[in-house]
Amino acid sequence: MTHNSVSGGLNDTVADAVASPDLEQPYAALGLKDDEYARIKEILGRRPTDAELAMYSVMWSEHCSYKSSKTHLRYFGKTTTEEMGSKILAGIGENAGVVDVGGGHAVTFRVESHNHPSYVEPHQGAATGVGGIVRDIMAMGARPIAVMDQLRFGPADAPDTQRVLPGVVDGIGGYGNCLGLPNIGGETVFDESYAGNPLVNALCVGTLKVEDLKLAFASGLGNKVMLFGSRTGLDGIGGVSVLASDTFEDGAERKLPAVQVGDPFAEKVLIECCLDLYRAGVVVGIQDLGGAGLSCATSELAASGDGGMMVNLDAVPLRAENMTAAEILSSESQERMCAVVTPENVERFKEICAHWDVTVAEIGEVTDNDHLVITHKGEVVVDAPAHTIANEGPEYQRPYARPEWQDELQQFRGVNKPEDAAGIRQAVIDMVSSPALCSRAFITEQYDRYVRGNTVQAKDADAGVLRIDEETGAGVAVSADCSGRYTKLDPNMGARLALAEAYRNVACTGATPIAVTNCLNFGSPENPDVMWQFKEAVHGLADGCHELGIPVSGGNVSFYNQTGAEPILPTPVVGVLGVIDDVASSIGTKAAAGQQLVLLGETLDEFGGSIWQQVSDAGLNGMPPAVDLGNEQRLAALLSDSRGVVAAAHDVSEGGLNQTLVELAINAGCGVVVDLAEVADDAFTALFSESASRVVVAMDADNVGGFFAAAEQHGVPATLIGELRGDSYDVASVSIPMDELESAWKNTLPELFGHAAGANSVV
């Protein structure tokens with residue numbers, strides 16, 4: 001018997017636990033509360049072994065058990081009707097949502113956070129975030145076909161942003177490019193609240209045939225448990241129980257556990273190996289090893305099946321000597337999968353792994369009771385009901401209350417509106433060159449957008465568009481969006497606005513939105529202000545999806561995003577998936593000289609949470625724009641019906657109409673002449689208001705009349721505002737040469753980060 005810590009030394013056994021009931025254990029250091037530790041002892045009828053304590057601590061962590069959020073997440077189910085969910089083949093609670101998109105095809109997509117690891121070690125944190133979300137897609141039986149990323153950093157000129165951003169971008173690009181997956185879009189946001197706590201949210205999309213869907217469960221007495229992929233090492237131990245359940249303070253990056261180390265080439269081979277295993281029909285159930293490693297894979301597979309599981313850790317291929325049972329179970333080494341296989345298919349399973357030179361080991365089998373029993377060095381080190389590890393983590397009714405400061409925050413203090421041409425000209429330059437709105441090409445050019453040959457839209461697109469059926473041309477469009485500034489002002493409306501923008505971006509391609517995923521990034525759940533923000537955002541998103549008639553297929557929650565006591569802006573990232581019958585007819589964002597510009601939607605005097613507030617140092621205040629989701633539906637229907645008529649479409653969101661016009665003109669390679677008289681009462685409001693439910697479309701002059709008739713039929717306000725022509729930006733008595741405007745838009749990030757590019761490069 002040993003008196004050691006969970007993270008090192010020899011293991012104690014179940015027999016030791018019975019013999020030494022009062023042995024002091026470091027449960028608090030593993031993130032467990034006093035009452036949680038007491039509950040574990042109650043379940044087991046004794047104190048836990050080191051290995052059991054490790055398993056319960058990671059599986060009952062905030063990251064794995066959703067113990068602070070699940071009471072609110074159930075609201076998604078309450079607002080989803082049977083009709084809304086009829087196309088969902090796998091939903092909330094699975095590794096990823098799977099949606100039937102017709103023609104025998106299904107699409108799976110999910111977005112997940114890897115925030116804290118990306119602060120500790122930016123390159124590997126971001127890289128393994130991509131690797132993890134890709135394996136979630138693989139575990140559904142799908143081939144991953146594309147990735148996206150949602151990134152948030154502190155101020156662009158802050159020293160730590162200079163450290164973190166290049167490493168994160170290099171990690172995303174290095175891992176995704178090596179996998180051969182196109183990066184089809186994303187978002188990069190800078191704000192003081194993310195200083196010291198960046199957000200790295202990775203999204204992956206995959207395709208499969210409806211009949212090929214795989215789920216995570218271990219069923220069938222005597223079926224074998226196969227571990228395959230990379231060997232298990234010491235990297236990432238304690239990741240989800242510490243990194244995802246703690247806040248950052250000065251020096252935290254030096255004292256937290258090691259971040260996982262990724263090998264994209266091993267994952268690329270693992271993808272092909274999995275697809276061959278699926279085609280061979282030798283997989284009963286499958287689970288990836290991500291957060292919580294083998295602890296998660298074994299307990300969740302067993303808990304979701306019709307029996308228990310016996311596992312022998314001596315059979316686990318290791319890359320470090322003398323690893324304890326707790327370390328083997330807690331390791332978050334990357335590029336690993338766990339499958340359940342019938343005895344007669346084991347040899348075929350091994351043959352396929354050998355063909356791909358993938359390490360494989362038979363580590364256990366399905367038993368006829370509900371216990372997960374794990375042995376190490378001939379001794380039983382875990383003997384616990386699997387469902388208590390995987391599914392019976394604590395559920396907290398965290399206190400929540402509307403913050404006392406919310407009323408004052410929502411008091412709009414006005415904004416400085418330049419009225420003369422010189423003031424408006426300067427505002428145009430300041431806005432497009434600001435880190436908030438400038439070109440992201442410095443980042444996105446480091447990613448491969450067109451590998452695999454099925455990317456239809458990515459660069460400068462509102463939503464990524466992918467072909468999924470070579471014969472019919474059918475495809476999907478995907479976008480993910482959020483404004484933390486809006487959400488802090490009004491969490492319910494902020495979540496609705498995130499949903500609306502992602503929905504609108506998909507609609508701008510001509511696709512029909514059909515499903516939603518999310519990644520909800522918030523501060524500490526132990527803060528009542530934060531829990532109120534969280535609850536309001538969940539309700540806003542769920543109610544918004546109900547109004548739009550599209551279901552939430554799954555999601556992720558990331559808490560404890562704060563530095564010291566200061567939480568990040570509440571950031572509920574919302575992803576929307578749309579379908580299009582023929583990607584050749586999709587609407588792009590590249591217009592041409594001579595085409596007419598039509599503004600769809602109404603412009604109101606709405607500057608709460610706007611980028612103009614940020615750029616003009618007005619401070620965050622007021623109410624965010626109000627969104628009517630019925631307007632978004634009507635807009636989407638009009639755009640879908642206008643494929644072949646509309647040459648290009650670009651949504652109006654952060655930065656207002658000005659940003660949309662500048663980007664359309666730059667993309668078209670010409671100037672623009674616009675009359676704002678019918679847009680708003682004053683030119684500044686017309687240019688920089690961030691009212692929702694607006695899109696600018698470009699079309700040939702011959703199509704304008706018919707389009708206006710269609711807009712009226714759909715109930716969408718339409719205003720002819722100008723034309724793409726010349727070589728200047730001519731708006732509101734302002735004329736700016738396009739080369740000057742394009743230079744201002746493109747040069748900001750290279751000037752800020754060009755010296756740091758590659759400084760953190762590993763690949």
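Entry 1: I started at Asp-357, which is found in the loop between helix H14 (346-355) and strand E11 (360-367). Helices here are DSSP runs of H or I with at least four residues, strands are runs of E with at least two, and both are numbered from the N terminus. This is a predicted model, where local features need pLDDT of at least 70, side-chain atom pairs count only at pLDDT 80 or more, and totals for chains, interfaces and linings use all residues. Residues are numbered from 1 along each chain as its sequence is written, and side-chain values use heavy atoms, with hydrogens and water left out.

Phi of Asp-357 is near 55°, positive even though the residue is not glycine. Most residues other than glycine have a negative phi. Is Asp-357 buried or exposed? I found Asp-357 exposed, with a relative accessible area of 70%. (Buried means under 20% relative accessible area, exposed over 50%, partly exposed in between, with a 1.4 Å probe and protein chains only.)

I noted Asn-322 as well: its phi is positive, about 60°, and it is not a glycine. Asn-322 sits in the loop between strand E9 (308-312) and helix H13 (325-330), and it is exposed with a relative accessible area of 70%.

**Entry 2: a six-strand sheet.** I traced an open sheet of six strands, ordered E1-E2-E3-E6-E4-E5, with mixed pairing. (Two strands pair if DSSP finds at least two bridges between them.) Its edge strands are E1 (88-90) and E5 (183-190), each pairing on one side only. Ignoring direction, neighbouring strands are turned by 20° against each other on average. Helix H8 packs on this sheet and touches E4 (143-153), E5 and E6 (199-209), its direction making about 175° with that of E4. (Contact means heavy atoms within 4.5 Å; axes are lines fitted to C-alpha atoms, for helices over the stretch in contact, and angles run from 0 to 180 degrees between N-to-C directions.)

E1 and E2 (residues 97-102) pair antiparallel over two bridges, and I found Val-99 in E2 as the bridge partner of Ile-88.

**Entry 3: strand E17.** Eight of the ten residues of E17 (residues 512-521) are buried, so the strand is largely enclosed by the rest of the structure. E17 runs antiparallel to E21 (residues 571-580), joined by nine bridges, with Asn-518 opposite Val-574. With E18 (residues 552-558) E17 runs parallel, over six bridges; there Thr-517 is partnered by Gly-554.

**Entry 4: cavities.** How many cavities of 30 Å³ or more does a search of the whole structure find? I got four. (On a 1 Å grid over the protein atoms alone, a cavity is a set of points where a 1.4 Å probe fits but cannot get out; lining residues have an atom within 4 Å of a point. Grid points are joined across faces, edges and corners, and a volume is the space filled by probe spheres set on the points.)

The largest cavity holds about 100 Å³. It is lined by 13 residues, and the closest to its centre are Tyr-486, Leu-497, Glu-501, Arg-504 and Ser-653. Helix H20 (residues 491-507) gives the largest share of that lining, five residues.

The second largest cavity is about 40 Å³. Its lining includes Tyr-119, Phe-153 and Asp-160, and its largest share, three residues, comes from H8 (residues 159-179).

Note on methods: On a 1 Å grid over the protein atoms alone, a cavity is a set of points where a 1.4 Å probe fits but cannot get out, and a pocket is an open set with protein on both sides within 12 Å along at least five of seven lines; lining residues have an atom within 4 Å of a point.
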